[in-house]
Amino acid sequence: MYLPNLKIDAKDLPEKVIVCGDPERAKLIAEDLDDSKLLAQNREYHTYAGFYQGEYIAVVSHGVGSPGAAVCFEQLIQGGVKYLIRVGTAGSYQKEVKPGSLVISTAAVRRDGLSSQIVPEGFPAVADLTLTNRLIELSKSQSIDSHHGITLTLDVFYQGAIAFPHEEYKNAGVLAVEMEIASLFTIASIRGVRAAAIVAIDGYADADLAEDYNPHTDQMKQAIEMEKKIALEALTNTDK
Ligand SMILES: O=P(O)(O)O[C@H]1O[C@H](CO)[C@@H](O)[C@H]1O
Ligand SMILES: O=c1cc[nH]c(=O)[nH]1
């Protein structure tokens, strides 16, 4: 089966895939694979595949925002992918979730537009328990501050005429905000595959993003390095 937006043949895809927004991050993650190959590059979708501890794994970038990311997730699943881990970045809602730390999403608030067009209101966006527990265990064994809990998915990055809903989600104990996890979890649930997500915190979400957003610091490089290793480990030996 040919996957038209990814521009790859399903027969080249493994069952286990890491997804991330940034094509440069996909390239960076693929550097940890043995015999890594760029399979295709089309739009924001860059697909690499190679071996990690003997397991065939792909890394695919999905771009920014749920609609484009959903095309990627759906085509990967049509192509036979059974495990997806998003290795992303997010802004923190809680003081103790500090920049440079990691958050593993156990569930996501669906404030995206995509998921409400594919499932009814009230349908939960939840992570796969087994894969998520592996991420949590592996992150505990690393020398990095990590947290797990609910994240929020928005479609908005820069505030418009309507104020961001930061305060209400902060008060509700949401840990962090980003732009694709809810659609990933919703699609994975309705298609019957396993999905999980780990994000590196690039700052406080209620800072002025136009002034303060910088996901390219050394601290972020270290956090991304750590989340990529945790995700790759979590995808290996999944039968255990
Ligand atoms: O770093 P990635 O994985 O792209 O994730 C976050 O960063 C992007 C915004 O800059 C959005 O895609 C958001 O979800
Ligand atoms: O969507 C995002 C991603 C990173 N940081 C944020 O504040 N928001």
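Which residue, with a positive phi, follows α7? In the predicted model described here, local features require pLDDT of at least 70 and side-chain atom pairs count only at pLDDT 80 or more, while totals for chains, interfaces and linings use all residues. Residues are numbered from 1 along each chain as its sequence is written, and chains are lettered from A and ligands numbered from 1 in the order in which they are written. The residue that follows α7 is asparagine 237, with phi near 50°. Helices (H or I, at least four residues) and strands (E, at least two) are DSSP runs, numbered from the N terminus.

A residue is buried if 20 or more other C-beta atoms, placed from the backbone, lie within 10 Å of its own, exposed if 12 or fewer, and partly exposed in between.

The largest nonpolar core has 73 residues, of which Ile18, Val60, Leu84, Ile85 and Ile198 touch the most other members. Helix α7 (residues 218–235) provides the largest share of this core, eight residues. Such a core is a set of buried Ala, Val, Leu, Ile, Met, Phe, Trp, Tyr and Cys residues joined through C-beta atoms within 7 Å. Beyond its neighbours within four places in sequence, leucine 84 is in contact (C-beta atoms within 7 Å) with residues including Val17, Phe73, Leu184 and Ala195.

Two ligand shells were examined, with a residue taken as near if its C-beta atom, placed from the backbone, lies within 6 Å. Around ligand 1 are, among others, Cys20, Asp22, Thr89, Phe157 and Glu180; this shell has four nonpolar, three polar and three charged residues. The shell around ligand 2 includes Thr89, Phe157, Asp202 and Leu209, and has six nonpolar, two polar and two charged residues. Strand β7 (83–92) and strand β11 (176–178) each supply at least two residues to the shell of ligand 2, with β7 giving the most, three.

Positive phi values, near 50°, also occur at arginine 43 and glutamine 53. Arginine 43 lies in the loop between β4 (34–42) and β5 (45–52), and is partly exposed, with 14 other C-beta atoms within 10 Å. Glutamine 53 lies in the loop between β5 and β6 (55–61) and counts as exposed because it has 12 C-beta neighbours inside 10 Å.

Conventions
Ala, Val, Leu, Ile, Met, Phe, Trp, Tyr, Cys and Pro count as nonpolar, Asp, Glu, Lys and Arg as charged, and the others, Gly among them, as polar. Two residues are in contact if their C-beta atoms, placed from the backbone, lie within 7 Å.
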